[in-house]
Amino acid sequence: MEKTNLAMRRRVVLVPAPAQGHITPMMQLAKALHLKGFSITVAQTKFNYLNPSTDLSDFQFVTIPGTLPESEFNNLGPGRFMVKLAKECHVSFKELLGQLLVSEEEEIACVIYDEFMYFVEPAVTEFKLRNVILSTTSASAFVCRFVVCKLYAKDGLAQLKGSGREEELVPELDPIRYKDLPVSVFASVEYSVELFKNTCYKGTASSVIINTVRCLDMSSLEWLQEELEIPVYPIGPLHMAVTAPPTSLLEENESCIEWLNKQRSSSVIYISLGSINSMESKEALEMASGLVSSNQNFLWVIRPGSIRGSEMSEEELFSKMVTLDRGYIVKWAPQKQVLAHYAVGAFWSHCGWNSILESLGEGVPMICRPFAADQKGNARYLECVWKVGIQVEGELERGAVERAVKRLMIGEEGVEMKRRALSLKEKLKASVLAEGSSHNSLDDFINTL
Ligand code: UDP
């Protein structure tokens, strides 16, 4: 009997990229597929290894041998690290997949790999399995990566670096300006291009799944569909489609929820720069000063190591920054719970794609302070297309911080942005319910397996 069931079940192998913003949506997808009856194997690198919780005990976790140490991530930065990781892992992944094929009783329906784990593709092709790409960024970010590669192929660095055209719109990419393209401080332009060429290479992939929604990303989805010539399935926001298993790499400090419980409705601005970015201590002090003079309450995530260039420990810096009782600081927050809290009125964000989906999924408007990668493009969409965000550009100084916070928290503009964010929340909710666009898209994808 057991054997018959096993023969009927099929397994999906998932390969997340080793970063918080990539692991979480991959595990949400794993959960969604598991609910549809698939067995799940997750192949992880040793770097940023997610320790499976009891909620994930139905999944099989395997390790890709030969990954790079954390020091390499700190030395190289995320972009160059991913390029090196791919070179390091492509052989060991093939061996691992070969072992899985021998030991597994169930048929492998497909291998779904994060777009940044592109070294997976040749191994899957060699074993004649089905390849599927998961993009954990927006469709417009995917398009921008394509455009960077095309601009580089045409003119080399001419349009990408120091061209003096930074403020101009990139043709056909409105509202993206040259300076919003994801050639980033994480890596040199050349490294970015090398990485993007690989992430845009579909190889033998049969389809691309994207953690996005038609109502946010329609024109970019159409662009991608035409360019890639394989089905593109927008199935997000995944965190709204399934009850997520815990996937946090850092310990969440729940005490901030108790603090939020004591605050008035929509009176708190939540601040987080995501899992990778860091800021100069000078900027952190300007920010603290602007927040205090805005007279608004704030909950601020300051990850260990996320403030650079200070002799002081983060604790000492905190005590210097927060002299009033209107602020609360944690090292890592239960972000989705925070954004769902009635006391939170706005989100000061680096504009990572997960943070955007989580914020809009709760109808929370944003202050955008992007750093690198896809974040600048995301900020443009928030401000110019969906009109639910205010971008703070240029040098970060206390006056600009105070003005942005007041505009969103107490200004009339803020009321309008809140209204639009709530309307998007309803659209996002509807997309993952039965007959919603993302719900149908996930079903369509599963039917292909
Ligand atoms: N996050 C969290 N607690 C925090 C800060 C962030 O749980 O204190 C989570 C957040 O909910 C999101 C992820 O970390 O799911 C960050 O992903 P995102 O794409 O926004 O940014 P990245 O870290 O990849 O730059």
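Cysteine 351 counts as buried because 29 C-beta neighbours lie inside 10 Å. The cut-offs for that word are these: a residue is buried if 20 or more other C-beta atoms lie within 10 Å of its own, exposed if 12 or fewer, and partly exposed in between, with C-beta atoms placed from the backbone.

Before I go on, the model is a predicted one: local features need pLDDT of at least 70, side-chain atom pairs count only at pLDDT 80 or more, and totals for chains, interfaces and linings use all residues. Residue numbers start from 1 along each chain as its sequence is written.

Back to cysteine 351. This residue has a positive phi of about 70°, although it is not a glycine. Its place is the loop between β13 (344-349) and α13 (353-360). Helices here are DSSP runs of H or I with at least four residues, strands are runs of E with at least two, and both are numbered from the N terminus.

Where is alanine 373? Alanine 373 lies in the loop between β14 (366-368) and α14 (375-385). Its phi is also positive, at about 50°, and it is not a glycine. Alanine 373 counts as buried, because it has 28 C-beta neighbours inside 10 Å.

Next, the cis peptide bonds. One joins aspartate 174 and proline 175, with omega about 15°. Proline 175 sits in the loop between α5 and α6. Another cis bond runs from glycine 236 to proline 237, where omega is near -5°. Proline 237 is in the loop between β7 (232-234) and α8.

Now the domains. The assignment, which is automatic or from a database, gives domain 1 (2-136 + 202-247 + 432-448) and domain 2 (255-410). Their centres, taken over C-alpha atoms, are separated by 30 Å. The contact between them takes 12 residues from domain 1 and 11 residues from domain 2; two residues are in contact if their C-beta atoms, placed from the backbone, lie within 7 Å.

On the side of domain 1 that touches domain 2, the elements giving two or more residues are α2 (20-35) and α8 (238-241). The largest share of that side, 4 residues, comes from α2. By class, this side of domain 1 has 6 nonpolar, 6 polar and no charged residues. In this scheme Ala, Val, Leu, Ile, Met, Phe, Trp, Tyr, Cys and Pro count as nonpolar, Asp, Glu, Lys and Arg as charged, and the others, Gly among them, as polar.

Why does the ligand lie between domain 1 and domain 2? Because both domains give residues to the shell around the ligand. That shell has 19 residues, and the closest are Gly21, Gly274, Ser275, Gly352 and Ser355. The elements that give the shell two or more residues are α2, α12 (335-340) and α13. The largest share, 4 residues, comes from α13. By class, the shell has 6 nonpolar, 11 polar and 2 charged residues.

Last, helix α6 (residues 189-199). Its buried residues are Ser192, Val193, Leu195, Phe196 and Thr199. They are on the same side of α6, because they cover an arc of only 165° around the axis. The arc is that of the directions from the helix axis to the C-beta atoms. What covers these buried residues includes α3 (70-103) and α5 (139-155).

Definitions and conventions. A residue is near a molecule or strand if its C-beta atom, placed from the backbone, lies within 6 Å of it.
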